[in-house]
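Reader: I'm new to this one. Could you walk me through how to read it?

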Amino acid sequence: MTPDQITVLLILGMVVGLFLWGKWRHDLVAVSALVACVWSGLVTPEEAFSGFGHPAVITVACMLIMSKALQVSGAVEVLARYAIPAKGGQVLSLTALMGVGALLSGFMNNVGAMALLMPIALKVATRLSIPPGRMLMPLAFGTILGGMTTLIGTPPNLIVAGFRAGMADGRGSFAMFDFAAIGVPVAVLGVVFIALVGWRLVPKRQAEGLEGFDTGAYLTEARILEGGASEGKTLTEVEKVLEDAGAQVVGLVRNEMRISAPSPYRTLRASDILVIEAGADTLSTLLSTLGMKLEESGSPADREEEKKEATGAPTAREPETLKEAAGKDKDKDKDKDKDKEKEDEKPRGDAAEIVLVELVVLPGPILSGRSASDMSLRTRYGLNLLAVSRQGNRSVERLRSMEWQPGDILLLQGPPGAIAEFASDTGCVPLAARDLLIPNKRKAIQASLIMLAAVAAAALGLMPASIAFLAGALFTLLLRALPLRHLYDAIDWPVIILLGALFPLANAMQSTGAADLIARGLMESVAQGNAVLALALVLLVTMFLSDLMNNAATAAVMCPVAIGSAAALGVNADPFLMAVAIGASCAFLTPIGHQNNTMILGPGGFRFGDYWKLGLPLEVLVVAVSLPLLLVVWPL
């Protein structure tokens, strides 16, 4: 054993030990390993950062950007709404939910797919009166299974493809759907097993922190669009849809007249405004389903009207007598409003730089007893009031003229700087940025078409996957299918740092012969020269490590060992690399092996030891299905 081999094995042992210890973040461990490799002379300073330009790293980052566009545009929500039955038994609902999760995970970040489907899983669990964990754990496992079906489904697949492309024989990277021949059967059988039998193995637990941050029901106004699903329907028909979502109509505005108790048989027209009381999490779904939009949309006409309000002129929406009664403090603000009108004409930033933030009204004279009209919210700050949450009370006022009370929570839409200015001026306390996805049909279509084009370009060999997805990410941003403010939030930077830092270590393992040394030791002491047994060993070791440390790190560590094992046995390396891809995607025994498992720990009320009860039978199934397929699809 050479000094370089000893050094790289010591560094590898340190890395695996720190990963298992779990006290340091994975990206910090990887960077520490990179620094150690440079200090020890295993990696030259010029090569130290070569991993960050690796095609796999670029592809992961671009795939995350395009996945985020599918999320924020509402494209995934539309698919989920039509694919998951609103009235079905547990088996049907669970199958549909996991099927959608697995399908999405094949073409977008599986953590993003899990985050989008979690609220739906919780609603289904409530409807079926079952513990939430019995929907959440199957969903988490289903999204993990779906990731192994395509090249871009999960970072380990991209890492494996990158190692294959770097092999000396020049065989090139795995193609987009090379993983499907094994991944699809494993995912389908896994989903069927969980839906029919496996869910019974999930322990019944009381959820912890299931409610999360709850501001109660919002009172909001939604305008019926011309040609929308609600136009021409009776109020009763619309209310039926609202009731299923836990919402209700508390008023109707027609021709600027508020009707507090409209007849249920009244036919709705385009431009009617429904005053709806609904939970924040259901607003976006209702808007899309019923063909409505939030009334406070900031149209030019509305802006002109508020300018009139700011100068004290009567408007069509607000009789002068009501305006006079709006508050004595209004007169004091007129001069300030006039001074600001010219400034208000200036753009307040990129139109895409819009956020939704919740602010609570505190006791005091600045906001208490005042309304959005009184504050000239749109003309002075460039903000839209989308909804107001007032638990236990209901106002009969229009949203714009509704007088605020201490404890009200305002859902404001606008540029981050303008919201910060409003909060500073008024003493409001920002509670949280509300991730309310207001469906945008045009952007959803754009994001979907860009993703399909990138996948097709990579699958047909028109260009390398890294270039195809780089181009896709570029068009996603140029067409604003993803707002620019989401660009850097979309990228999972710890994973990018992890991959970029570990590639030089993996290269050092290969160049020093340390990977071959480990492989020969395993082959001679355990597999004893049996190629099938060696393949099973690589699969099992990878699955074991993936349950204890990051799956991308597992793939990066095990790929050199897999290639070395194949070389030691004189057989094809492809089945060994595929075994690493499968094993790295099968983290079902612990909550720390995959982010999706961690996400459900609190909402499902799970304990550390709950996962293996379903995870162990599922991993046995994966091995039983994948090992024969590996030998058939990728012969030794």
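Author: Let's go through salt bridges, then a helix, then a surface patch. Keep in mind that this is a predicted model.

Reader: How many salt bridges does a search of the whole structure find?

Author: A salt bridge needs a Lys or Arg side-chain nitrogen within 4 Å of an Asp or Glu carboxyl oxygen. Here the search turns up three. In one of them, R164 meets D574, with N and O 2.8 Å apart. R164 sits in helix 8 and D574 in helix 24, so this pair ties together parts that are 410 residues apart in sequence.

Reader: Are R164 and D574 buried or exposed?

Author: Under 20% relative accessible area means buried. R164 has 10%, so it's buried, and D574 is buried too, at 5%.

Reader: What about D610 and its partner?

Author: D610 pairs with K613, and their closest N and O atoms are 3.9 Å apart. D610 is buried at 2%, while K613 is partly exposed at 32%.

Reader: What span should helix 3 have?

Author: Count 1.5 Å a residue: the 18 residues of helix 3 should span 26 Å, and the end C-alpha atoms are 26 Å apart, which agrees. Helix 3 is also mostly covered, with 16 of its 18 residues buried. Just after helix 3, G74 takes a positive phi of about 90°.

Reader: Which residues make the nonpolar surface patch?

Author: V91, V184, V188, V192, L196 and V197 make it, over about 440 Å². Helix 9 gives the most, with four residues. As for why such spacing can work, an α-helix has 3.6 residues a turn, so residues three or four places apart point the same way.

Definitions and conventions. Residues numbered from 1 in each chain as written. Predicted model: local features only at pLDDT ≥ 70, side-chain atom pairs only at ≥ 80, totals over all residues. Heavy atoms only, no water. Patch = residues over 30% accessible without salt bridge, like charges linked within 9 Å, V, L, I, M, F, W, Y side chains within 5 Å. Areas by Shrake-Rupley, 256 points an atom, 1.4 Å probe, with all protein chains shown as cover. Helix = DSSP H or I, 4+ residues; strand = E, 2+ residues; numbered from the N terminus. Expected span 1.5 Å × (residues − 1). Buried < 20%, exposed > 50% of the residue type's maximum accessible area, 1.4 Å probe, protein only.
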